[in-house]
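Biologist: Can you walk me through this one? I'm new to reading structures.
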Amino acid sequence: ERAKKAEISERFAKIEAALKKKPRDIEETKELEEYLANVPNEVRPLQDFIDEMRLMANVLDHFEYRVDFEHFEQQGRAAYWPCKIAQQSEETARIIESSRERYLEDMMTEQERFTKSLHALEAFANSFVQYEDLGQVKEAAARAVECMGKITAATDKARLYNSREVLFERDVTDYAHLTQIKKAFEPYYMLWNTSQRWLDSS
């Protein structure tokens with residue numbers, strides 16, 4: 001039974017450690033929120049054992065059966081865990097709420113900067129109309145790779161913002177402007193990237 005009590009305390013300690021984990025972004029905040037919602041299911045079987053333990057202690061007490069101090073202390077520690085978890089759950093709920101507010105504010109600021117950066121990206125993509133001569137292929141091809149890299153990175157960032165908007169239960173932003181930039185730029189990318197490869201192989 002002592003081993004069982006030690007196991008119960010260990011499982012409670014793992015729950016407490018998970019609840020104390022500080023979320024570093026909205027994804028981890030959502031994971032913590034889902035974990036918190038499931039804590040009652042984690043605690044229930046442990047609480048059942050504690051209830052049985054208390055019942056047994058009452059029986060032993062009724063018959064005035066003496067138990068050693070270590071047994072009594074271990075039993076007390078195990079019995080206090082549900083209270084500790086309840087207190088930590090309240091603190092975790094507050095952390096989740098403040099984290100959601102902070103990360104939402106951060107995301108909205110980032111999205112504002114991102115939307116403005118698309119204008120610079122569009123200007124970069126549109127600058128390829130200046131290249132009309134195969135003598136410029138080396139410069140044009142290098143800049144085309146750079147521009148496509150920026151477009152790909154922006155597309156990944158737009159997807160990240162959209163997935164986070166879902167987590168925040170907000171309307172998903174339509175980044176159609178970015179799609180248009182990519183569509184308009186792809187012919188230039190194909191032209192100069194293909195030309196560079198052709199020259200390299202000839």
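Biologist: What share of the contacts with a separation of 6 or more joins residues 24 or more positions apart?

Modeller: That share is 78% in the protein chain. Contact means heavy atoms within 4.5 Å. Before we go on: this is a predicted model, where local features need pLDDT of at least 70, side-chain atom pairs count only at pLDDT 80 or more, and totals for chains, interfaces and linings use all residues. Residues are numbered from 1 along each chain as its sequence is written, and side-chain values use heavy atoms, with hydrogens and water left out.

Biologist: OK. How many helices and strands are there?

Modeller: Five helices and zero strands. Both are DSSP runs, numbered from the N terminus: helices are H or I with at least four residues, strands are E with at least two.

Biologist: And how much of the chain is buried?

Modeller: Of the 202 residues, 34% count as buried. Buried means under 20% relative accessible area, exposed over 50%, and partly exposed in between (1.4 Å probe, protein chains only).

Biologist: Which residues touch the most other members of the largest nonpolar core?

Modeller: F114, F128, L178, F185 and W192, out of 26 residues in that core. Helices α3, α4 and α5 each supply at least two of its residues. The largest share, ten residues, comes from α4. A nonpolar core is a set of buried Ala, Val, Leu, Ile, Met, Phe, Trp, Tyr and Cys residues joined through side-chain atoms within 4.5 Å.

Biologist: Why would such side chains gather?

Modeller: In soluble globular proteins, nonpolar side chains tend to be buried together.

Biologist: What does F185 touch, leaving aside neighbours within four places in sequence?

Modeller: A125, F128, A144, C147, M148 and I151. There is also a second, separate core of 15 residues, which includes I8, F12, I15 and I85.

Biologist: Back to F185. Where is the kink in α5?

Modeller: At F185, shortly before the proline P187, and it is about 35°. That bend is the angle between axes fitted to the seven residues ending there and the seven starting there.

Biologist: How far apart are the end C-alpha atoms of α5?

Modeller: They are 37 Å apart, which agrees with the 38 Å that its 26 residues should span. The expected span is 1.5 Å times one less than the number of residues.

Biologist: New topic. How many salt bridges does a search of the whole structure find?

Modeller: Eleven. A salt bridge is a side-chain nitrogen of Lys or Arg within 4 Å of a carboxyl oxygen of Asp or Glu.

Biologist: Which residue forms one with R164?

Modeller: E27, with the closest N and O atoms 2.9 Å apart. R164 lies in α4 and E27 in α2, so the pair ties together parts that are 137 residues apart in sequence.

Biologist: Is R164 buried or exposed?

Modeller: R164 is buried, at 16% relative accessible area. E27 is partly exposed, at 24%.

Biologist: What about K84 and E16, how far is N to O?

Modeller: Their side chains meet at 3.8 Å. K84 sits in α3 and E16 in α1, 68 residues apart. E16 is buried at 13%, while K84 is partly exposed at 27%. K20 joins E16 and K84 in a network of salt bridges.

Biologist: Last one. Where do D156 and R159 lie?

Modeller: Both are in α4, three residues apart, about one turn of the helix. R159 is exposed at 54%, and D156 is partly exposed at 43%.
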